[in-house]
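Dear colleague,

Please find below the structure that I am handing over to you. My findings follow directly after it.

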Amino acid sequence: MKNYKNILLTTDFGEESSPINERAVQLAKEQGAKLNLIHVAEYLYSYSYMAAVVSEAEIQKQLLEETKTQLAKLGEKLNVPPEQQYACVGTPKHEIIEKAKEIGTDLIVVGSHGRHGISLLLGSTSNAILHHAPCDVLCVRLKA
Ligand code: AMP
């Protein structure tokens, strides 16, 4: 198997994420690879109603802060240092691909389905990543 050097673990912080996280940590250890962590907070259409009272920039700032806090907790658990944690706001598939290119990832780890996925099918994020990734993708199969 190819020796991976720079792994990007994607997380939606879902309850079923443990097997995905464990696989990425194990693989990084075995391969002596750097492990990076990414979560993309989605700017939902419904937030635009809030924009009447709070500016869009402020909503985005809050989303980023919340994401950083959640990533810090998970990073501590998985032993991923802060400089390898990426908090983004936007469309998950797009931000993940862009970050993978930016940091020269050679393996992206995703779950077969997450919050956007319907049981048994490949979720929309994992499907898009498989199609557009600039590198290999490990899709960890989750029970339906
Ligand atoms: P989905 O295709 O959205 O059902 O999710 C499949 C997998 O994509 C999840 O198990 C995560 O690995 C990844 N993923 C989904 N949403 C996000 C997100 N907002 N940020 C980072 N990774 C995500």
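T105 touches N6, I7, L8, A100 and C135, leaving aside residues up to four places away in sequence; contact means heavy atoms within 4.5 Å. T105 sits in the loop between helix 4 (92-103) and strand 4 (107-111), and T105 is buried, at a relative accessible area of 7%. Buried stands for under 20% relative accessible area, exposed for over 50% and partly exposed for values in between (1.4 Å probe, protein chains only). Helices (H or I, at least four residues) and strands (E, at least two) are DSSP runs, numbered from the N terminus.

This is a predicted model, in which local features need pLDDT of at least 70 and side-chain atom pairs count only at pLDDT 80 or more, whereas totals for chains, interfaces and linings use all residues. Residues are numbered from 1 along each chain as its sequence is written, and side-chain values use heavy atoms, with hydrogens and water left out.

The sheet is open and consists of five strands in the order 3-2-1-4-5, with parallel pairing; two strands count as paired if DSSP finds at least two bridges between them. Strand 3 (85-89) and strand 5 (136-140) stand at the edges with a single partner strand each, so one side of each has no neighbour in the sheet. From one strand to the next, the twist averages 25°. Axes are lines fitted to C-alpha atoms, for helices over the stretch in contact, and angles run from 0 to 180 degrees between N-to-C directions. Strand 2 (residues 34-41) and strand 3 run parallel and are joined by five bridges, and A41 stands opposite V89 in strand 3.

Helix 3 packs on this sheet, where it touches strand 1 (6-10), strand 2 and strand 3, and its direction makes about 155° with that of strand 3. Helix 3 (residues 56-78) has 23 residues and reaches 32 Å from its first C-alpha to its last, close to the expected 33 Å (1.5 Å times one less than its number of residues). Its buried residues are I59, L63, T67, L71, L74, G75 and L78.

N79 lies in the loop between helix 3 and strand 3 and is exposed, with a relative accessible area of 70%. F13, also not a glycine, has a positive phi of about 60°; F13 is found in the loop between strand 1 and helix 1 (18-31).

Yours sincerely
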